[in-house]
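Here are my notes on the model you sent. Please read them with the structure open.

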Amino acid sequence: MKFNTKTIHAGQKPEETSGAVMPPIFQTSTYAQEAPNKHKGYDYARVGNPTRTALEQMIAGLEGADEAACFSSGVAAMDSLMKMLRPGDHVVTTNDLYGGSYRLFTKVFEPYGINFTFVDMTDLDKVKDAITPQTKLMWIETPTNPLLRIVDIEALVGLAKPKDILTVVDNTFASPYLQRPLEFGADAVLHSATKYLAGHSDVIHGAVASSNKEIMENLRFQTKTSGAVPGPMDCYLTLRGIKTLSVRVQRSVDNAKQIASFLDSHDKVESVLYPGLSSHPQHELAAKQMDDFGAMLSFTLKDDSIEAATKFMSNTSIFTLAESLGGVESLISHPASMTHGSIPKEVREKAGLKDSLIRISVGIEDADDLIDDLKQAF
């Protein structure tokens, strides 16, 4: 199947007992058994739920994976992956990282003896230098949050595989509509499904897709043992959201290109970070690795101050000042004080995250209205 067809049919079939086209919401905590351990595939809802199974099969199909596992949030999925590691193990990751990932790595797992090195992953020499005999995992974001750098997945996999280093790609910013990391050899792909997959800002959800049996066995074990599982209603909403993934993301991408062009020519803007602009340092890599350039962009003001950024963001009316991304509505945020507030100022600035950096998640409204809103905010 082509991708647009997969968003409707991948891993799906009518419900067996009723013929329902959409999977029912199986709102139950347990399942009847004919005899001890003799059941219809489900024994307790923490371990499995038919609504969740339908969603997992859908996400696996979209990413080209054998399996997927769903979680109560993106960071819960990340937490389960990191629990594959043991004290003394080492992780190489990007220095331009979602603030929640940075917090989980440094505040939760570092105290347990997991070591992390944060580097600019667009520089392969820096990645090579960061690898040690203890390196067990490369944690990759591309496009990165919030600086929209594009990391060469295939090249990093080429560095990792000969050394038996697992590669995990956070694909939240792109969604499988635009990028499928497993096609470039990555071992697993992670989503904050709250964002583009669910797409309507009404659910918190996470997912990992992989064809690596060891990874999937670990995730099933963590699901059962740690219990950070999504409820059936969350799974239903995410599955319903995926049905319109293609049309939503494409509309948002089309809008983002127009907005990036507008900002790039504005006299109060210092720089625009958007992979679709030819001035972007990884524009050609993005064109090769992604099917389109995404609906996320960031920009800095010539007045590089928190005060100027705050004043601008407080003046928008269609763009909503809020955290998160990937919904049908356009959002605007200030990474330095919001999504990346947990990263120390000196670390942020060293990575290139300026005080005036403004991040935009472009929605599906009319592009002219969005540009007019930015004009009046300026």
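How many of the nine residues of H3 are buried? Point 2 takes this up.

1. Basis. This is a predicted model, in which local features need pLDDT of at least 70 and side-chain atom pairs count only at pLDDT 80 or more, while totals for chains, interfaces and linings use all residues. Residues are numbered from 1 along each chain as its sequence is written, and side-chain values use heavy atoms, with hydrogens and water left out. Helices (H or I, at least four residues) and strands (E, at least two) are DSSP runs, numbered from the N terminus.

2. Helix H3. Eight of the nine residues of H3 are buried, so this helix is largely enclosed by the rest of the structure. Buried means under 20% relative accessible area, exposed over 50%, and partly exposed in between (1.4 Å probe, protein chains only). The buried set is Gly 74, Ala 76, Ala 77, Met 78, Asp 79, Ser 80, Leu 81 and Met 82.

3. H3 against H4. The axes of H3 (residues 74-82) and H4 (residues 99-109) come within 11 Å and cross at roughly 45°. That makes H3 oblique to H4. On this scale, angles under 35 degrees are roughly parallel, over 145 roughly antiparallel, 65 to 115 roughly perpendicular, and the rest oblique. Axes are lines fitted to C-alpha atoms, for helices over the stretch in contact, and angles run from 0 to 180 degrees between N-to-C directions. From H3, Val 75, Met 78, Asp 79 and Met 82 meet Ser 101, Leu 104, Phe 105 and Phe 109 of H4. Contact means heavy atoms within 4.5 Å.

4. The seven-stranded sheet. This open sheet has mixed pairing and the order E1-E7-E6-E5-E4-E2-E3. Strands E1 (67-71) and E3 (115-119) are the edges; each has a single partner strand, so one side of each lacks a neighbour in the sheet. Neighbouring strands are turned by 20° against each other on average, direction ignored. Two strands pair if DSSP finds at least two bridges between them. E5 (residues 166-170) and E6 (residues 188-191) run parallel, joined by three bridges. Val 169 stands opposite Val 189 in E6. H4 packs on the sheet, touching E2 (90-94), E3 and E4 (135-141), with its direction at about 150° to that of E3. H7 (residues 213-226) also packs on the sheet, touching E1, E5, E6 and E7 (206-210); its direction makes about 30° with that of E1.

5. The five-stranded sheet. This one is also open and mixed, in the order E8-E9-E12-E11-E10. E8 (269-273) and E10 (320-321) are its edges, each with a single partner strand, so one side of each is left without a neighbour in the sheet. E9 (residues 296-301) runs antiparallel to E8, with four bridges. Val 272 has Phe 299 as its bridge partner in E9, and Val 269 stands opposite Leu 301. E9 and E12 pair antiparallel over four bridges, with Ser 298 opposite Arg 359.

6. Cover on E9. Six of its six residues are buried. Met 296, Ser 298 and Thr 300 point one way, and Leu 297, Phe 299 and Leu 301 the other. H9 (residues 245-264) lies across E8, E9 and E12 (358-361), running at about 10° to E9.

7. Helix H11. In H11 (residues 306-313), Ala 308, Ala 309, Phe 312 and Met 313 are buried. Seen down the axis, they fall within an arc of 125°, so they line one face of the helix. The arc is that of the directions from the helix axis to the C-beta atoms. Exposed Glu 307 and Lys 311 sit on the face turned away from the buried side. Cover for the buried residues includes E9, E10, E11 (331-333), E12 and H13 (367-377).
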